[in-house]
Amino acid sequence: MKKRLSAVKKKNLLFKRMEVSIVVIIALTSIATAVLAFIIFYASDTGSQVGALADTSTGAAEFIQANVDPRAFTDLSTVESMQTDLYNTTKEELDGVRNMIGAKYVYLVSQTGDGRYIYTVEGQPEGETGVAPGVTMEAILASRAVPAFEGKDVFPGNVIRTSMGPSYVSFLPVKDGTGQILGVIGIEYDSSEILNGSMPLLFYSILVCIGLTAAIGFVSVTRFKKIFDPFYQQLTYTDMLTDLNNRTAFELELKRMQLSIGDYVSITLIILDLNNLKDVNDRLGQHHGDDYIRQVALALERHFRKFGECYRLGGDELGIIAVNTDPARLQQILETDFIQELYSKQAGKSASKRIAINLSYGLASFDPEVNHNLHEVYALAERRLMAMKNEAPV
């Protein structure tokens, strides 16, 4: 038991060294989870916002097409056209739409005979100088506008970084009564506003991360401490009825001793069986049967604890692992002092409550010239126990 408790203490010390590692692993896992959650929520939130921009762009384009003179695509192509009523009226309409939908820029684009895409009218924020009619579009915008000049709606996807800053851009074609494309309506949204709108998600993700780390770390460390606590370790290896070591402790001790078997002068296993436990339970009840087991266990501890460890191996089976002791002496104690104590315990009881002591045992010692391991010794002790039950020597 001392060696086993020493091993438990070593595990407890090991846990203390592992505490920081456990918390760090939990923290990293929580951070990774929070980051992943942020990415998922951010993608979902941004995707929904960009989807809303597509709907807004469609509505705005329909309004513009219904209210803007189609000549704005064909007759406004020079700086001088900025002085015309057509330009001023169109620009006023575009500024109104821009303010209404919260866009950064709303403009009209047409294609020249040589294939260039030029601005005709632009609605821009107050204080900015608008692009004059006839100015060629930036290449990055022109490339996005190509499908619109082929009759397809182009909605925001990735952020486009233009000379005026990062933007989400929509291009929608405008057709005449015959289905011919007159030009394209361009609508740019400031992407920074959408990105900044997602910053609370990052903040809340960080809070979630901190909360998860604190909660999971506290629970995990608390649970691990209980697992590695010597008290809980001892419960794992203790029989609750008798307070003896249990079958698990017995098996582990055999394996441990096997690794250092040369350190012992002798190793003796004794296996005992309470032959009449079932009769006691049937005649007197389970409670008396449990008392009987406890009495035998106490006597076993009292007489053999100084030689080694005592175990309850099963319902009516107990065991002893004794070291560095003459097997003959162990057998003598078992058949005299130990048995006499059990008889004396029953002597003071009434006849109806008295239990007739009926034990079988098997004793075997490790012999390096015969046995390969301690489990062979255990098997031999079991066979001798069964032989005593059947009164046939082994």
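Two strands count as paired here if DSSP finds at least two bridges between them, and the strands themselves are DSSP runs (E, at least two residues), just as helices are runs of H or I with at least four, all numbered from the N terminus. With that in hand, let us start with an open sheet of four strands, ordered β7-β8-β6-β9 and paired antiparallel. Its edge strands are β7 (308-312) and β9, each pairing on one side only. Neighbouring strands of this sheet are turned by 15 degrees against each other on average, direction ignored; axes are lines fitted to C-alpha atoms, for helices over the stretch in contact, and angles run from 0 to 180 degrees between N-to-C directions.

A word on the model before going further. This is a predicted model, in which local features need pLDDT of at least 70 and side-chain atom pairs count only at pLDDT 80 or more, while totals for chains, interfaces and linings use all residues. Residues are numbered from 1 along each chain as its sequence is written, and side-chain values use heavy atoms, with hydrogens and water left out.

Now look at β6 (residues 267-274). Seven antiparallel bridges join β6 to β8 (residues 317-323), and another seven, also antiparallel, join β6 to β9 (residues 359-365). On the β8 side, Ile267 has Val323 as its bridge partner, and Leu269 stands opposite Ile321. On the β9 side, Thr268 faces Ser365.

How many of the residues of β6 are buried? Eight of eight are, where buried means under 20% relative accessible area, exposed over 50%, and partly exposed in between (1.4 Å probe, protein chains only). Both faces take part: Ile267, Leu269, Ile271 and Asp273 are buried on one side, and Thr268, Ile270, Leu272 and Leu274 on the other.

Helix α11 (residues 374-389) lies across β6, β8 and β9, at about 150 degrees to β9. Helix α7 (residues 247-259) lies across β6, β7 and β8, and runs at about 25 degrees to β8.

In general, an α-helix has 3.6 residues a turn, so residues three or four places apart point the same way. At the N-terminal end, Asn246 caps α7, with a side-chain oxygen 3.2 Å from the backbone nitrogen of Thr248.

Elsewhere, five strands form an open sheet in the order β2-β1-β5-β4-β3, with antiparallel pairing. At its edges stand β2 (117-123) and β3 (160-162); each has a single partner strand, so one side of each is left without a neighbour in the sheet. The twist here averages 40 degrees from one strand to the next. Strand β1 (residues 105-111) and β2 run antiparallel and are joined by six bridges, with Ser110 partnered by Ile118 in β2. Helix α2 (residues 85-101) packs on this sheet, touching β1, β2 and β5 (181-190), and its direction makes about 70 degrees with that of β2. Helix α3 (residues 139-149) also packs on the sheet, touching β1, β2, β3, β4 (165-175) and β5, at about 25 degrees to β4.

Note on methods: Contact = heavy atoms within 4.5 Å. Polar contact = N/O pair within 3.5 Å; in protein donor to acceptor, adjacent residues only side chain to side chain.
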